[in-house]
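Please read them with the coordinates open.

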Amino acid sequence: MLPLRQLACSWWSCLLNSRAPCVKTLVHGDQRRLFNTSNSRMTIMPAWVIDRYGSNDVLRFTKNAGFPIINYPNEVVVQVHAAGLNPIDVSMRGGYGAATMAMKRDPLNINQSGSEFPLILGRDMSGVIMECGLDVASAYFKEGDEVWAAIPPWKQGSLAEFVVLSANEVSKKPKCLSHIEAAAVPYVAATAWSALVNTGGLNKDNCAKKRILILGGSGGVGTFSIQMLKAWGAHVTVTCSQNAERLVRGLGVDHVVDYTAGPVEVPLRALEKFDLVLDNVGGDTESWALGLLKPWCGAKYVTLVTPFLCNTDRLGIADGMLQTGVTVASKALKHLSKGVHYRWGMFAPNGLALDDISEMVDAGKIRAVVEEEFTFSQVPQAMLKVEKGHARGKTVVKISSGEDSSE
């Protein structure tokens, strides 16, 4: 991988921003382009959209969604073959994070409120590149490449036939996976990578024999994290229900604690202490989970259940970010005095991380965990499936009716 792509992806991941302000100055004249096919210009496409926030009945199928346009020279248009759904899609359908996402889409607050509609959900994507921007080097991507990506929440999603993304968010799809399987991985992989690697400080060179606890191990992030940590030599303990034990055991887990058998903290306290706790559950876990860490050894508690977006939705961007900063700082200082580190983990788009993960998948170290597959016409049913919770892997929607080269 060339240094330029590595530098760009690192910058994108840190700032959670896939568009550099300076990039826009590179667009001379009108370089907004539409994908051409069969000598005709496409301006519309089929998609599932929402026109307002609410429950599942706000989902609407249309054949007239606006076709994605390349606005920046580092972007690509991808034909979506499969889309993975995540709890964030259900939350976004209800308006969760709307204030923060509006700021990301329109940092100068030029557009009117509600300009994000019609909004396309879907954060996971596997498909084929149909067009590349002028600055997308052919050494990285070209038309016809099979790719996968985790789509940032402030962009239009993958429940459509086409999507436009920054080349820094896209990665070559693992050769051994079908599009359906590949669409189950990127968002949870990028989230787990952000939490365990960027925030938790783990990597393939320092993970051997470390004791890791995953609270909520049978969902998308949990099942991916198990496999990556085991590939790196860690000892992994997870909490899940009894009927998910077979799944997580099959992924290589060393120890399972059934949270339905009683207060889960009781059996966990009887175990040897941990080097890192990854919390996918939230709730009252903070009150006891940090006590499971090894004190004064650099051990970390990383939670993916944070009040950041709730704060910005409730208080606005400025006050919400201030409240968030005060909250995380006070908690970090409180627990640092006890010899452990308190951290928040968040999703960050990272094409470079997906490059490494793709290699691990093709090497047989990580597999996709698909719980259920739906057709494009069944998107409302798929959303309800995700909304019910208690996932045993990922829910995936087949978008394109074309042939899947890996099937």
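1. Helix α5 passes helix α6 in a right-handed crossing. The structure is a predicted model, and this note should be read on that basis. In numbering, α5 covers residues 186-199 and α6 covers residues 220-231.

2. Two packed helices are described by the angle between their axes and the distance between the axes. For α5 and α6, the axes come within 9 Å and cross at roughly 60 degrees. Angles of 65 to 115 degrees count as roughly perpendicular and those under 35 as roughly parallel, so α5 and α6 are oblique to each other.

3. Which residues of α5 and α6 meet? On the α5 side they are V188, A189, T191, A192, W193, L196 and V197. The α6 side supplies G220, V221, F224, S225, M228 and L229. Sorted by class, the residues of this contact are ten nonpolar and three polar, with no charged residue.

4. Helix α5 also packs against helix α12, which spans residues 351-362. Here the axes come within 10 Å and cross at roughly 105 degrees. The pair is therefore classed as roughly perpendicular.

5. The contact between α5 and α12 uses P186, A189 and W193 from α5. From α12 it takes A353, L354, D356 and I357. Six of these residues are nonpolar, none is polar and one is charged.

6. Y259 is a separate matter. This residue lies in the loop between strand β12 (255-258) and helix α8 (265-269).

7. Leaving aside residues up to four places away in sequence, Y259 touches C240, S241, V264 and H390. The C-alpha atom of Y259 is separated by 9.1 Å from that of G216, a residue 43 places away along the chain.

8. For the protein overall, the secondary structure comes to 13 helices and 17 strands. The protein has 407 residues, of which 54% count as buried. Its accessible surface comes to about 18,100 Å², with 54% belonging to carbon and sulfur atoms.

9. A last point concerns contacts across the sequence. Taking contacts between residues at least 6 apart in sequence, 74% join residues at least 24 apart.

How values were computed
Residues are numbered from 1 along each chain as its sequence is written. This is a predicted model: local features need pLDDT of at least 70, side-chain atom pairs count only at pLDDT 80 or more; totals for chains, interfaces and linings use all residues. Side-chain values use heavy atoms; hydrogens and water are left out. Axes are lines fitted to C-alpha atoms, for helices over the stretch in contact, and angles run from 0 to 180 degrees between N-to-C directions. Helices (H or I, at least four residues) and strands (E, at least two) are DSSP runs, numbered from the N terminus. Angles under 35 degrees count as roughly parallel, over 145 as roughly antiparallel, 65 to 115 as roughly perpendicular and the rest as oblique. A crossing is left-handed if the near helix is turned anticlockwise from the far one by less than a right angle, and right-handed if clockwise. Contact means heavy atoms within 4.5 Å. Ala, Val, Leu, Ile, Met, Phe, Trp, Tyr, Cys and Pro count as nonpolar, Asp, Glu, Lys and Arg as charged, and the others, Gly among them, as polar. Buried means under 20% relative accessible area, exposed over 50%, partly exposed in between (1.4 Å probe, protein chains only). Accessible areas come from the Shrake-Rupley method with a 1.4 Å probe; for residues, only the protein chains shown count as cover.
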